[in-house]
Structure formats: C-alpha cells, structure tokens
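Hi there,

Here is the structure I promised to pass along. Have a look at it first, and then read on for what turned up.

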Amino acid sequence: MDATASPRRELVDGARQIAPVLVGTVPFGFVAGVVAVASGLTPLEGVALSVLSFSGIAQLVACQLMAADSPVLITIAAAGVVSLRFLMYSAAFSPHLAHLSRRWRLLLAYLMTDQSFAMSVKHFSEPGDARHRHWHFLGSALTLYVSWQLAVVIGVVAGAQVPASWSLDFAVVLCFIALLVPAVRTRADLAAAIVAAAVALAAAGLPFRLSLVVASIAGIAAGMAIELWRKK
Amino acid sequence: MSHWLVILGVAALTFSLRASFIVFADPHRFPHAFRQALVFVPPSVLAAIVAPGLLAPDGAIALGLDNPRALAGLVAIGFAIRWRTPLAAIASGMTSLWLLQWGLARLG
C-alpha cells in the first residue's frame, strides 16, 4: 500500500478488492430475495427488510420464522442471536475508527458485514499511513451494499417464478456452509461447531426454532471450555 | 402488520449490535470472558443452522438415501474446505443435489 494513500485512492482500492467476494454475495442476495417472497412477505416488505437490516443471515432467519408464523418477539430475538457476531466485529473495529466523527462511525457501523469486516480488519492492521483507511472500508462496504440490494430486488421480483422443484431453498444452507467453513480455524472452533450441530439436531423438536438459540449457547460453552482446558 | 414490526425490530437490533462498540462503548470495559465467548459465536450459530438443514430438512433426522441434502451438503463442505470461496460451496452443493434428485427419481 502506498504510504500517502489519498481518500479517493483508498475508496477505489476498497471497492476493487471486494469485487471477487461478489461472486458469493450476489447469488446469496438473490436467494434472500426469493426466500422473502416465498415466506409470505410482500415484495415491498422483502426489500425493506433487506435495506434496513443489510444482513443475509438475519434476513433469512427472520423470513424462516415469519413463514412459520412465530411470535414477533421470538423472531426478532432469533435474528438477534445470529447477529451477535456483529458485537465481536464492532469491538475489533472500534480502536481503528475511534478518531472519526460520530456521523462517520454511525455510517460505517450501518454498512458493516462479515465480508467487509474480514477484508478491512486486515487492511487496518497493515503498516503505513492509516489516516484514510476508513475510506477503504467505505469503498468495500458500499460496493457490497449496492450489489446486495440489487440482487435482493431481482430475487424478490423473480421469486414468484422459480419452481419449487429447483430446491433453491437449499442454496440458503449452502450459503451458511460457505460462511461456516472459514469460521472454523482452531480446534476450539471445531468443538463449538460440532456441539452446536449435535444440540441443534437433538433439540429440533423445540417450538419456535428455539433449538437455534439453545444449540448456539451450547456451542459457545464448548468452545470456551476447550480454550480454558488448553490454557491449563 | 406483524411483518413490519419484525422488519423494524430486526433492523434496530442488527444496527445496535453493529454500532455497539464502534459508536457507544469501549470494548476494554467488558470482561474478558464476554469477549472470548463472542469468538465462538460464528462457528456455533452457523453450525446450528447448517446441521438441521442437511440432516433434518423436513424436521426429523434423516440420514438415508432418501435425503440427498445430507450427501450434497458433505460435497459442498469438501469443496468449501478445498477452495475457500463461497461459490465453490454453492455451485458444488446445488449441482450434487440436482444430480442426486435426478438419480433417485430414475431409481424410484
């Protein structure tokens, strides 16, 4: 990276570096749009959910529960549980953004996603001039935002036309696999994933998809236990 | 009506979680155990979503040949480990599922 990177240069670099990721996020956004309509949301509701929450996982979980007519609070809570990772990203990002105005921080928080976080956290920790690196984050995050919303709109419009025999709902599970595999980096991560998977299957009979919450907590506990045991 | 309540609630919650430390709080003021727990949120939550989607797609656990999603999911996991791009998992998984469904329809 150039030692005297200008805001404009950072913005363009960020947009350029995130481009390969769109190969995964655009089909994911399309599926999120299809699923919204298939779950009984109107096209306007499907697009509003996406524009306001800008999180594929939260959108899909909310749609799944709305399709099952779960109570409003349970639905919101489940989407919150799957979004807890944002707390972790937010904590990791905050030192790099502490010098910015409140307006900048609100904007960047709103646009933060798994992909732009992963890329920008790497960029922020590189040596050299860091003054304008938030522009790099803005470039990647805005590129993701615009392409995601377009993909969702196309999915919402196309949703009614895709026949059920294509099993497009399976693409949702595959998107989660694509996120899960790189998230498992250590043995403790693996233990967390295996325990969560087992509990999710064992607790599948619980109402309102509470199994997701129970399994997540069990997985987190297993990961922490392994970590503690390893340090002894 | 309830759809809009969910939409606004999910929007407010996802934004609050994203903004938490960036805008409002200092992460160093939170206990170490809390920050460590957050590290395990992605693998736990994602595995808890994936496992039933593959092994119990209709609610009950199904490991037999009548559940092509289990095998297609394994293929996708293999491709994702080898190639690390989202497209590898999605393309290999969908292709496997379609081939298996087509094959099962021939057998049946």
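What percentage of the 232 residues in chain A are buried? The answer is 50%. Please keep in mind as you read that this is a predicted model, with every value computed from it.

Let me start with chain A. Its secondary structure consists of twelve helices and zero strands, so that, because helices and strands are taken as DSSP runs, the order from the N terminus reads α-α-α-α-α-α-α-α-α-α-α-α. The C-alpha trace covers about 55 × 55 × 30 Å along the principal axes of chain A. Chain A has a radius of gyration of 19 Å, which agrees with the value near 17 Å for a compact globule, because that is what 232 residues would give. As for the contacts in chain A between residues at least 6 apart in sequence, 74% of them link residues at least 24 apart.

Now to the interface. Here 69 residues of chain A are in contact with 58 residues of chain B. On the chain B side, at least two residues each come from helix 1 (2–24), helix 2 (32–39), helix 3 (41–55), helix 4 (68–83) and helix 5 (86–107). Helix 1 of chain B contributes the most to this side, with 18 residues. Sorted by class, the side of chain B that touches chain A holds 42 nonpolar, twelve polar and four charged residues.

Best wishes

Technical notes. Residues are numbered from 1 along each chain as its sequence is written. Chains are lettered from A and ligands numbered from 1 in the order in which they are written. This is a predicted model: local features need pLDDT of at least 70, side-chain atom pairs count only at pLDDT 80 or more; totals for chains, interfaces and linings use all residues. Helices (H or I, at least four residues) and strands (E, at least two) are DSSP runs, numbered from the N terminus. The radius of gyration is taken over C-alpha atoms; the globule rule is 2.2 Å times the number of residues to the power 0.38. A residue is buried if 20 or more other C-beta atoms lie within 10 Å of its own, exposed if 12 or fewer, and partly exposed in between; C-beta atoms are placed from the backbone. Two residues are in contact if their C-beta atoms, placed from the backbone, lie within 7 Å. Ala, Val, Leu, Ile, Met, Phe, Trp, Tyr, Cys and Pro count as nonpolar, Asp, Glu, Lys and Arg as charged, and the others, Gly among them, as polar.
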